[in-house]
Each structure stands twice: as structure tokens, then as C-alpha cells.
Amino acid sequence: SIMIDDSKRMCLDASNHGITTFIMDTPYNKDIDGLIRVYNWKEIFEKVKKYNNRINVILDTDTYNEADDQFALSYLLKSQDMFNIEAITTAPYSHKNSDITVKEGQDLSYNEVLKICNLLNFNSENKVFKGSIDYIQNGYDDENDAVNKIIEIALKNDITYVLGIGAITNIALAIKKEPKIINKIEIIWLGGNDISYKDNMEYNFRQDVEAVKIVFNSNVKLTVLPCRNVVSTLKIDISTLKDNLIQNELNNYLIERFCNDGYHPYKEERVIWDISVIAYMINKKWFTSEDISCPNIKKDTSYEITTNNHKITMVNYIDVDKVYSDLFKKLGE
């Protein structure tokens, strides 16, 4: 299950064939990125113990939408000592000011996932799946590889965590098509706004409000990381990024996307929204949250407070320094 060696050739070959690989640190292999680096046998022992108890996850991501998905995917791939990455599925996205169709966005996201996986030597064979090419609120209800794979993985595992960092369409369709998965998955979703905010006209939420309603009404175990005024605190500037990220092909590309994602004007400061979901799974102590009665969704997308619905978890605070400290550490390994 796990290869341990100090040879660059052996480790890269094993990793490229889908084998989890620990590379023993030596002066002659320090130029290798994308593998789990270990320094002594005590550490190897602890990592192997931990690795055998990894969490099954699916990442549902609109990867080419902005710049934050690339950071989140890299963060996840750099945390494989904690996560068994079952699949990466591409979520739909669209922009009013862009001529890119949802179908074209799917292709761009799919290729972007493969690019990040390649930069980190992650074997993406049978791991990456294209998702929905429209939204449930537009009447979309078709078969697609992402939805089928979410169902397949959920049914085979005792528990799978579905990490949603885009429109929640694929996840909602999976629940709709196979309700049995409700008791076998836990969803961690970045979407909407703070429970008391005036509305949920936030990007991930408003793209497919019907999908959100399906998930909220399903009784699935759900944690929501609201954008305003919670995840919006994850703001950072380009100077801080450059000061904390070592120069390599991956990090240089992430910084390039941070400044210019192709949709927004040049930015020297932004929120890297999507890393919040990965960080929450890594260490919930960096967050505070509250279990609340699942709110109803009103016509204007705002929440209607309830008292007798099933419980969902709503995150209300992030320790920003600890999240970024861990991100920089992982991307520097």
C-alpha cells in the first residue's frame, strides 16, 4: 500500500503508478515535490498509522472559475496523509460577462484539475470526472459521470465526506437519484452567507438555488461555511503570498492565477475562499460553529430561521492565521 524509499526514480515511478509514496529526505532528493517527505523511522511509523485511518473524500470543484479552487485542490493533494481522495468532480459554473458556456466551463475545469494533479505528481487516472452541464433550477436532470461516481463511492464506503466548493448541483443530483447515500455521506459546503445576512445572492448559492433546497431538505449531515461574513475574512495580499510560498512551478502558477484569474481585473488582494473547506477538514479547532435548525430558503434567497427542523452545522468563525500558516507549510513541503 505504501512505498518508502530515498531514490528519486523509485519514488516517482511508484507515485506515477498510484502508490502512496513516502520519500526519505536526503540531500540528493530535495528537488522532488509532490511526495510525502519523511525524515526518520519514528515519523514514518506515525504517518503510516495515521495514513491507515485516512478520511474518504470527494472534492466537487468549479476549478477554472477563479483562483481559489487551484489553491484548495493543491492544499488537498498536499494533505494525503489525512485524506483518501476517492474522486475529484467538476461542478458547473457560468459568468454573465463571459461567453463560456457551462459545458465549456466543465472542459476547462477538467483540464485544470489534470494540470494541478500533474504538477503535484498525483495519479489522476480514474479519479477525475466531469459533472453537470446545466443547473437543476433550469430543469437539468441528466446523467453525468460526476453524479454517478459520487453515488458509487458513497454506497461502497461506510462514510464519505463530500467537499463542495462550487455550485452544489452534482451533489444535489446524487441525493435526488439515490437517496440511500444520505446516511453514508457528510457534506461540507462553501456557500451562501451568514445566517443573519440580508440574502444569499452569493455565487455558489445563487447559481442553483433549487440544488441548495434539495440538499437542505434531504436530512443529510451538512456543514455550511458561509461566505459573508465568515469565509470572507480569509483575505490575503500578493506580497504575503510571495513572502511565504517557496518558488516552484506549482506556487508560481498559483500566484499567477491569484493576480489574474481571467475573469476579474488584476488583483493584489483577494479572499482565497475555497481553502476554508479543506482547512475545516484538517483541523476543526481552527473554526467555531453552531448546530442549528435547518433554515428555510425564502424567495429572495434569504434564510428563514426555524426551530423544529433537522440540525445542520453553520460555521461562524475562522482562525485565519492558523489556516494560512498550515497552507504555507503544506505548499512549502
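This is a guided tour of a predicted model, stop by stop. Residues are numbered from 1 along each chain as its sequence is written, and side-chain values use heavy atoms, with hydrogens and water left out. In this predicted model, local features need pLDDT of at least 70 and side-chain atom pairs count only at pLDDT 80 or more, whereas totals for chains, interfaces and linings use all residues.

**The sheet**

Begin with the open sheet of eight strands, ordered β6-β5-β4-β7-β8-β9-β15-β12, in which the pairing is mixed. Helices (H or I, at least four residues) and strands (E, at least two) are DSSP runs, numbered from the N terminus, and two strands pair if DSSP finds at least two bridges between them. The edges are β6 (128-130) and β12 (287-293), each pairing on one side only. From one strand to the next, the twist averages 20°; axes are lines fitted to C-alpha atoms, for helices over the stretch in contact, and angles run from 0 to 180 degrees between N-to-C directions.

Next select β4 (residues 55-61) and β7 (residues 160-164), which run parallel and are joined by four bridges. Ile58 has Val162 as its bridge partner in β7.

**Leu76**

Move to Leu76 in helix α3 (residues 68-77). Leu76 counts as buried, at 0% relative accessibility; buried means under 20% relative accessible area, exposed over 50%, and partly exposed in between (1.4 Å probe, protein chains only). Leaving out residues up to four places away in sequence, Leu76 touches Val57, Leu59, Phe83, Ile85, Leu163 and Ile278. Leu59 is 17 residues from Leu76 along the chain, and their C-alpha atoms are separated by 8.7 Å.

**Salt bridges**

The whole structure holds 15 salt bridges, each a side-chain nitrogen of Lys or Arg within 4 Å of a carboxyl oxygen of Asp or Glu. Select Arg37 and Asp25, whose side chains meet at 2.9 Å, N to O. Arg37 lies in strand β3 (residues 36-38) and Asp25 in the loop between β2 (20-24) and β3, so the pair ties together parts 12 residues apart in sequence.

Lys149 is buried, at 17% relative accessible area, while Glu152 is partly exposed, at 44%. Elsewhere, salt bridges that share partners join Asp25, Lys30 and Arg37 into one network.

**Aromatic pairs**

Five aromatic pairs are found in the whole structure. Rings of Phe, Tyr and Trp (its six-membered ring) pair if their centres lie within 6.5 Å; planes under 30 degrees apart count as stacked, over 60 as edge-to-face and the rest as tilted. Select Phe205 and Tyr303: their centres are 6.2 Å apart and their planes at 80°, so the pair is edge-to-face. Both Phe205 and Tyr303 are buried. Then go to Tyr324 and Phe328, whose centres are 5.8 Å apart with planes at 25°, so this pair is stacked. Tyr324 and Phe328 both belong to helix α12 (residues 320-332), four residues apart.

Finish by selecting Trp189, Phe205, Phe216 and Tyr303, a cluster linked by ring pairs.

Terms used. Contact = heavy atoms within 4.5 Å.
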